[in-house]
Amino acid sequence: MATKLVTIAFDVMGSDHGPAEVVRGAAQLSLESPHIHVLLVGDRALIDDALAETRHNGERISVQHASEFVAMDEKPAEALARKHDASVSVAARLVAEGEADALVSAGNTGAGVLSCARHFQLLPGVRRAALAAVYPTRARHGDKADPFSLILDVGATVEATAEDLVTFAVMGAAYARIISRNENPKVALLSNGTESTKGPRHVVEAHSRLAALSGLQFIGNVEGVDIPKGTADVVVTDGFVGNVCLKMLEGVHETVVELAQYAYKESLRWRAGLAMLSGGIQRIKDITDWEQYGGAPVLGFDRIFIKAHGRSKAQAIANAGKVAAKAVAHELGTAIQQGLAR
Amino acid sequence: MSLPDRIDPRPPRRIYRWDLDKTYLQTEFDSLRDLLRTAFQKAHEKQAVPGASALIRELAENGDSRLCIVSGSPKQMRSVLEEKLKLDGVVWDEFVLKDNVGNLMRGRFRALRGQVGYKLPAILESRANAPVEAEEVLFGDDAEADAFIYSLFADMVAGRVDERVLTQILEAAAVYPDEAERVLAAWKKIPVSDPVRRIFIHLDRLTPPAHFANYGPRVVPIFNYFQAALVLLADGHLTAPQVIKIAVEMVQTAGHNIITLSNSFQDLLRRGLPLQQAAAALVQALEGPNALMQALRPMPDIISAFTKRLAALGTPPPPPPVQAVDYLELIHHALPRTHKARKTQ
């Protein structure tokens, strides 16, 4: 069967490393994946300068000039109101108009979500979109043995209702089925205890609804400690708790790295010990390297939006493009709708 | 009244010079295994680069051009290469191959990989027999030294390179003394004129286009022959229906589609090539009643794709400035790809 041609729109502007890194990632994609076409949205002159210096396949790349962009430190709503030609907004519009099939942005998250909300439609049965994040875990998940689980929501919907949590569970499971080739993902609710009665009212209600839902392997509640263990493939929570969790997990990771660096500098004996562990440390580093994961999906819209990390380098951008293309090719939106219809 | 006993062909108005491997043929010779496979391939097993044969046939349509092929393939492959060209309907006027066995027998190992000492005298000697007013368009690739050799040839014929600099270039390119003598002898026979209009470099290795920026706008790196056809349309060598014929062949035989063609078009616009009028001519030809155009249906989608790619850029950038080429600065481009000095660049 021929692979379906997919066009991915990249918001080139506004990431921490500037447009060149996003262009390099997209250029890499044009060389590696013949079925993926790339639409680069941003300042044409900057894009062309970067492209001219980078190995790429010009047959698979086109450019849409956008004269403005939203910076990381800008307030999304205000910036988008002021900047009508902002790259992320132009890219979302082009996806909505069918010029591309999905959007990837490493820029301002709020501006990305807001642009999608303005140009895309929510899927029938979805009240709020959810920002999902992948987090490295001890356990492997799905046919691809992905070393990460999905947490959602991590910030798009601060206060979620029980109905929202059920929707998030269905969307997360559909994503895990498609991206991790995990046919029957384990879905759990994040709470302060594993018992079904633990947690605030909306979590308890969501638990009973999910337990009654067919076509979903709901394993009940998990606690924070279960996230890095990988007890569940999909962890469902609201945006407030999810964001706090994610930031804490990132903080722990950074602290561990800093401690290792401190130990390396502090004592020759510790340095020797670290050197002996270097193989294992490298494996942990590979597993926890978010650049491998490509980015986090925003689920619930009729179009695909993959939010790449602001610090994404070319490899992470290319991976985000691949994830987006896979979600399009396997019709993630349809899979979510089918899950919600059950 | 008596008929003349012979009819001389019209002198060529245009000369198209082609390399073969990686320019016309999709050849792999990066490893010994590739080399052996290439050597034993039969004519029908050899693959032409999509659009190349269609482009050559369309360029020959006007009847006032010559096709000169200078290839680094060994002379022993002549019959199979000629058979391949005939299978593709390509008619040539000159076909020069490299005497690799001769070089090997004489212990001239540098000549086996070297391109400057082989191609430069060959194309200069060919030019020495051409009418002074004949324009030239050259086709090469990014695998070896085509951009360097073709540009040097153009500037030598135009009198923009002096003998002292040329001698330094030949020395730095490790050219054998007899080859250098051939270069000088042929060059002296050529009247000064400025015939080279374009040098197309097929990006077989997908070398970044900026790599060729130092050669100026005369050198146009291309991802495919639809791009060459578009530039040749703008330069007046092809008509819009001819360009569409080339596109049709690429769509029908090589999996190209509206997206790849319109992206290729926009890529050239972004590099400052003035193709707006060529685009208008294409749109006009596509809207015409010609039966051939039916192969590219749906027409509105094609026109819309091209128009969108044009509009997406806002104001297209200006063309790159014409500049003098500093060949001594670029001498590493003249060395074989495996050469230490080139690898470090």
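Select helix H13 of chain B, residues 276-287, in this predicted model. Its buried residues are Ala278(B), Ala279(B), Leu282(B), Ala285(B) and Leu286(B). They lie on the same side of H13(B), because the arc they cover around the axis is only 125°. Now colour Gln277(B), Gln284(B) and Glu287(B): these exposed residues sit on the face of H13(B) turned away from its buried side.

While H13(B) is selected, check its length. The helix has 12 residues, so at 1.5 Å a residue it should span 16 Å; the end C-alpha atoms are 17 Å apart, which agrees.

**The contact between chains B and A**

Next, show both chains and select the residues where they touch. Chain B gives 23 residues to the contact and chain A gives 22 residues. About 1,800 Å² is buried between the two chains, and carbon and sulfur atoms give 50% of that area.

The largest share, seven residues, comes from H12(B).

The count of salt bridges between chain B and chain A is two. To see one of them, select Arg270(B) and Asp48(A), whose side chains meet at 2.7 Å, N to O.

**Arg198 of chain B**

Stay in chain B and go to strand S5, residues 196-202, where Arg198(B) is found. Is Arg198(B) buried or exposed? Its relative accessibility is 13%, so Arg198(B) counts as buried, the cut-off being under 20%.

Show its side chain. A polar contact of 2.8 Å joins it to the side chain of Asp235(B). The side chain of Arg198(B) also reaches the backbone oxygen of Pro217(B), at 3.1 Å. Setting aside residues up to four places away in sequence, Arg198(B) touches others including Glu136(B), Leu138(B), Val220(B), Val231(B) and Leu273(B).

**Gly14 of chain A**

Finally, move to chain A and select Gly14(A), in the loop between strand S1 (6-11) and helix H1 (19-32). Gly14(A) is buried, with a relative accessible area of 11%. Which residues surround it, beyond its neighbours within four places in sequence? Gly14(A) is in contact with Phe69(A), Val70(A), Met72(A), Ala106(A), Gly107(A) and Asn108(A).

Note on methods. Residues are numbered from 1 along each chain as its sequence is written. Chains are lettered from A and ligands numbered from 1 in the order in which they are written. This is a predicted model: local features need pLDDT of at least 70, side-chain atom pairs count only at pLDDT 80 or more; totals for chains, interfaces and linings use all residues. Side-chain values use heavy atoms; hydrogens and water are left out. Helices (H or I, at least four residues) and strands (E, at least two) are DSSP runs, numbered from the N terminus. The expected span of a helix is 1.5 Å times one less than its number of residues. Buried means under 20% relative accessible area, exposed over 50%, partly exposed in between (1.4 Å probe, protein chains only). The arc is that of the directions from the helix axis to the C-beta atoms. Contact means heavy atoms within 4.5 Å. Buried area is the accessible area (1.4 Å probe) that two parts lose on being put together, summed over both. A salt bridge is a side-chain nitrogen of Lys or Arg within 4 Å of a carboxyl oxygen of Asp or Glu. A polar contact is a pair of N or O atoms within 3.5 Å; within protein, one must be able to donate a hydrogen and the other to accept it, and residues adjacent in sequence count only if both atoms are side-chain atoms.
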